[in-house]
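Colleague: I'd like to learn how to read a model like this one. Could you walk me through it?

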Amino acid sequence: MAFLCSLDEPAQVLIAGASRGIGAALVERLLRMPEVGCVHAVARSWSDQQGAGERLHHYAVDLTEPAQLQTLVDKLQASTPRLHLVINCAGFLHQPDGQQPEKALQQIELAALEHSFRINAFAPILLAQALLPMLRGKHRCSFASLSARVGSIGDNHLGGWYAYRASKAAQNMLLRTFAIEWRRMNRNGCCLLLHPGTTDTDLSKPFQGRVPEGKLFTADFVAERLLAVIAEHGPQDSGQFYAWDGQPIPW
Ligand SMILES: NC(=O)c1ccc[n+]([C@@H]2O[C@H](COP(=O)([O-])OP(=O)(O)OC[C@H]3O[C@@H](n4cnc5c(N)ncnc54)[C@H](OP(=O)(O)O)[C@@H]3O)[C@@H](O)[C@H]2O)c1
């Protein structure tokens with residue numbers, strides 16, 4: 001990744017939502033890059049088979065719990081003063097035997113709206129807030145968070161999926177606002193919202209039937225594309241929303 005290669009120190013990378021899906025694929029790719037010094041991987045739980053190592057650190061953190069985020073930052077700061085790349089991949093669409101995306105107004109429930117907003121909207125901005133001491137300064141740094149095209153208000157022609165759409169739209173606004181403030185604390189920072197495309201993971205599994213031929217991506221392909229989009233955009237693009245192919249998405 002060009003901007004990580006140009007650093008004068010090994011890159012410190014944090015991936016949130018790293019135990020499965022797109023986040024896990026990003027970790028695998030990043031560990032193959034010699035310019036990456038360490039990947040700090042965050043999820044609520046890790047299995048014994050998911051071994052950490054010298055260049056891979058695991059942290060069990062619920063991103064919706066501010067006290068756990070503070071403990072995470074204390075541990076990170078014990079190993080590095082700054083982060084060069086943060087990618088938040090944690091997100092929520094459905095529970096296997098529980099909450100499902102709404103097809104109609106009558107299916108909206110307050111608890112379900114709150115649950116989606118906690119993970120999809122509140123967790124990313126709380127993560128940015130907690131990590132700020134490691135993002136501010138003069139160093140080149142990108143903070144990317146996975147959104148979704150269905151979170152675009154301008155692109156909403158189909159309706160449905162109230163909680164998911166609205167919580168992703170809320171994330172977009174929260175991180176766009178963060179991008180403006182962050183510019184004053186690090187003019188080399190770049191905050192991006194990214195749409196990965198429909199990707200074969202647990203999150204999309206029940207909804208893959210309607211995906212057109214050739215439009216269901218592997219997590220590894222998406223990881224490669226997202227790293228390319230992040231590499232192509234710098235501080236001048238901070239606060240923008242892009243798809244996996246580099247195309248801008250309307251708010
Ligand atoms: N897959 C798609 O087709 C698609 C399409 C558009 C957008 N997206 C977005 O892309 C992102 C990644 O999706 P994915 O398909 O890779 O999802 P996934 O396979 O369900 O993985 C989600 C990851 O987030 C972690 N996570 C969930 N809640 C968390 C919390 N409260 N605290 C910490 N970690 C948490 C999960 O680990 P634990 O459960 O162990 O915590 C897991 O590592 C999401 O934001 C999703 O909305 C995906």
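Colleague: Let's begin with a loop: where is Trp 161 found?

Modeller: Trp 161 is found in the loop between β5 and α5 (162-183). Helices (H or I, at least four residues) and strands (E, at least two) are DSSP runs, numbered from the N terminus. Some ground rules: this is a predicted model, where local features need pLDDT of at least 70, side-chain atom pairs count only at pLDDT 80 or more, and totals for chains, interfaces and linings use all residues. Residues are numbered from 1 along each chain as its sequence is written.

Colleague: What is the phi of Trp 161, and is the residue buried or exposed?

Modeller: Burial is a count: a residue is buried if 20 or more other C-beta atoms lie within 10 Å of its own, exposed if 12 or fewer, and partly exposed in between, with C-beta atoms placed from the backbone. Trp 161 is buried because 22 other C-beta atoms sit within 10 Å. Its phi is positive, about 55 degrees, although Trp 161 is not a glycine.

Colleague: On to helices. Which residues of α2 are buried?

Modeller: As a general idea, an α-helix has 3.6 residues a turn, so residues three or four places apart point the same way. Helix α2 (residues 21-31) is mostly covered, with eight of its eleven residues buried. Those are Gly 21, Ile 22, Gly 23, Ala 24, Ala 25, Leu 26, Val 27 and Leu 30.

Colleague: What covers the buried residues of α2?

Modeller: The cover includes β1 (11-16), β2 (36-43), β4 (85-88), β5 (141-146) and α6 (219-232).

Colleague: And how does β1 pair with β2?

Modeller: Two strands pair if DSSP finds at least two bridges between them. β1 and β2 run parallel and are joined by six bridges, with Ala 11 standing opposite Val 36 in β2. β1 also pairs with β4 in the parallel sense, over four bridges; there, Val 13 has Leu 85 as its bridge partner.

Colleague: Which way do the residues of β1 point?

Modeller: Ala 11, Val 13 and Ile 15 point one way, Gln 12, Leu 14 and Ala 16 the other, and all are buried.

Colleague: What unit do β1, α2 and β2 make?

Modeller: A crossover is right-handed if, with the strands pointing away from the viewer, the path from the first strand over the helix to the second runs clockwise. β1, α2 and β2 make a right-handed β-α-β unit.

Colleague: Which residues touch the most other members of the largest nonpolar core?

Modeller: A nonpolar core is a set of buried Ala, Val, Leu, Ile, Met, Phe, Trp, Tyr and Cys residues joined through C-beta atoms within 7 Å. The largest has 61 residues, and Ile 15, Ala 16, Ala 18, Leu 26, Val 42 and Cys 89 touch the most other members. Helix α4 (residues 110-135) gives this core its largest share, seven residues.

Note on methods:
Two residues are in contact if their C-beta atoms, placed from the backbone, lie within 7 Å.
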